[in-house]
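In these notebook entries I record what I looked up in one structure. I begin with the sheet and then turn to the helices, the domains and the backbone.

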Amino acid sequence: MLEFYHSPGSCSNGILLLLHELGASFDLHLVDVRKGEQRAPAYRQANPKGKVPALGLPGGGVLTEFPAIAVWLAAHHPDAGLWPADRMAQARLVEALDFMIGSVHMRGFTFVKLPQKFLSDPEGQAALRAHGRDEVSRGLDLLSDQMGQGDYLLGEFSIADTALFFLLCWAEEEGFAMPPNLAACLARLRARPACRAAAPMLRRRVSA
Ligand SMILES: N[C@@H](CCC(=O)N[C@@H](CS)C(=O)NCC(=O)O)C(=O)O
């Protein structure tokens with residue numbers, strides 16, 4: 001069985017969507033990153049990096065990093081048709097995933113959402129947040145250009161859209177101006193049966 005480590009509302013939402021798209025069976029382990037549960041020794045035993053998403057594999061070992069997890073899952077569920085045979089198409093998927101995770105998430109949203117992780121003074125935090133917002137806006141424009149008039153980022157639905165999904169949800173939450181084609185894509189993604197099935201575990205529960 002796959003062991004999926006997930007924090008609702010975080011980037012692991014994209015992997016949750018993918019697991020549902022693939023019809024994969026998995027055990028769900030909730031790790032609330034806002035409460036710091038990713039730093040608990042029990043979780044560090046499963047994933048020493050202390051981050052989500054992480055995927056415990058049936059043969060043992062844990063797979064980390066969103067692009068690697070997405071590629072592995074797609075390649076191991078060939079019936080779902082989400083891992084192309086064509087090498088150029090494979091490279092385009094990795095390229096899109098790396099841009100969305102490495103640039104838009106890690107060098108954009110991370111600074112927008114968590115500037116206090118890097119700087120203690122409020123002015124520095126405001127400047128870092130503003131820098132993050134510029135990076136996200138630039139990223140959204142590039143993604144919008146890449147999508148053009150297609151329904152999904154690379155035309156047909158692909159694993160790239162699972163990363164796009166959580167980024168667009170964050171963009172909406174953080175009040176970014178959303179290019180119309182990306183807004184339409186987000187609505188399209190939310191209407192997919194897999195997204196509806198995943199919905200209860202996409203949102204962070206507010207505890208009393
Ligand atoms: N490069 C990692 C990024 C993962 C990441 O930063 N996850 C965040 C949630 S969106 C996290 O676990 N944050 C907790 C922490 O950094 O302590 C990936 O591709 O999976």
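**Entry 1: the sheet**

I looked up the sheet and found that four strands form an open sheet in the order β2-β1-β3-β4, with mixed pairing. Two strands count as paired if DSSP finds at least two bridges between them. Helices (H or I, at least four residues) and strands (E, at least two) are DSSP runs, numbered from the N terminus.

I then asked which strands stand at the edges. They are β2 (26-30) and β4 (62-64); each has a single partner strand, so one side of each is left without a neighbour in the sheet. From one strand to the next, the twist averages 20°.

I noted that the model is predicted: local features need pLDDT of at least 70, side-chain atom pairs count only at pLDDT 80 or more, and totals for chains, interfaces and linings use all residues. Residues are numbered from 1 along each chain as its sequence is written, and side-chain values use heavy atoms, with hydrogens and water left out.

I looked at one strand pair in detail. Strand β3 (residues 54-56) pairs with β4 in the antiparallel sense over three bridges. In this pair, G56 stands opposite V62 of β4.

**Entry 2: helices on the sheet**

I recorded that helix α1 (residues 12-22) packs on the sheet and touches β1 (2-6) and β2. Contact here means heavy atoms within 4.5 Å. The direction of α1 makes about 145° with that of β1. Axes are lines fitted to C-alpha atoms, for helices over the stretch in contact, and angles run from 0 to 180 degrees between N-to-C directions. Helix α3 (residues 66-75) lies across β1, β3 and β4 and runs at about 120° to β4.

**Entry 3: helix pairs**

I examined α6 (residues 160-173) and α7 (residues 180-190), whose axes come within 10 Å and cross at roughly 115°. The two helices are therefore roughly perpendicular to each other. Angles under 35 degrees count as roughly parallel, over 145 as roughly antiparallel, 65 to 115 as roughly perpendicular and the rest as oblique.

The crossing of α6 and α7 is left-handed; this term applies if the near helix is turned anticlockwise from the far one by less than a right angle, and right-handed applies if clockwise. Which residues make the contact? I listed D161, L164, F165, L168, C169 and E172 from α6, and L182, C185, L186, L189 and R190 from α7. By class, the residues of this contact are eight nonpolar, no polar and three charged. Ala, Val, Leu, Ile, Met, Phe, Trp, Tyr, Cys and Pro count as nonpolar, Asp, Glu, Lys and Arg as charged, and the others, Gly among them, as polar.

I next examined α1 and α6, which pack at an angle of about 135° with their axes 8 Å apart. That makes α1 oblique to α6. Their crossing is right-handed. Here N13, G14, L17 and L18 of α1 meet T162, F165 and F166 of α6. This contact has four nonpolar, three polar and no charged residues.

**Entry 4: domains**

I found the protein chain divided into domain 1 (2-81 + 196-201) and domain 2 (87-192); such bounds come from an automatic or database domain assignment. The C-alpha centres of the two domains lie 19 Å apart. In contact are 15 residues of domain 1 and 15 residues of domain 2.

**Entry 5: backbone**

I noted that most residues other than glycine have a negative phi, and most peptide bonds are trans. The peptide bond from V52 to P53 is cis, with omega near 0°, and P53 is found in the loop between α2 (41-46) and β3. E65, in the loop between β4 and α3, has a positive phi, near 75°.
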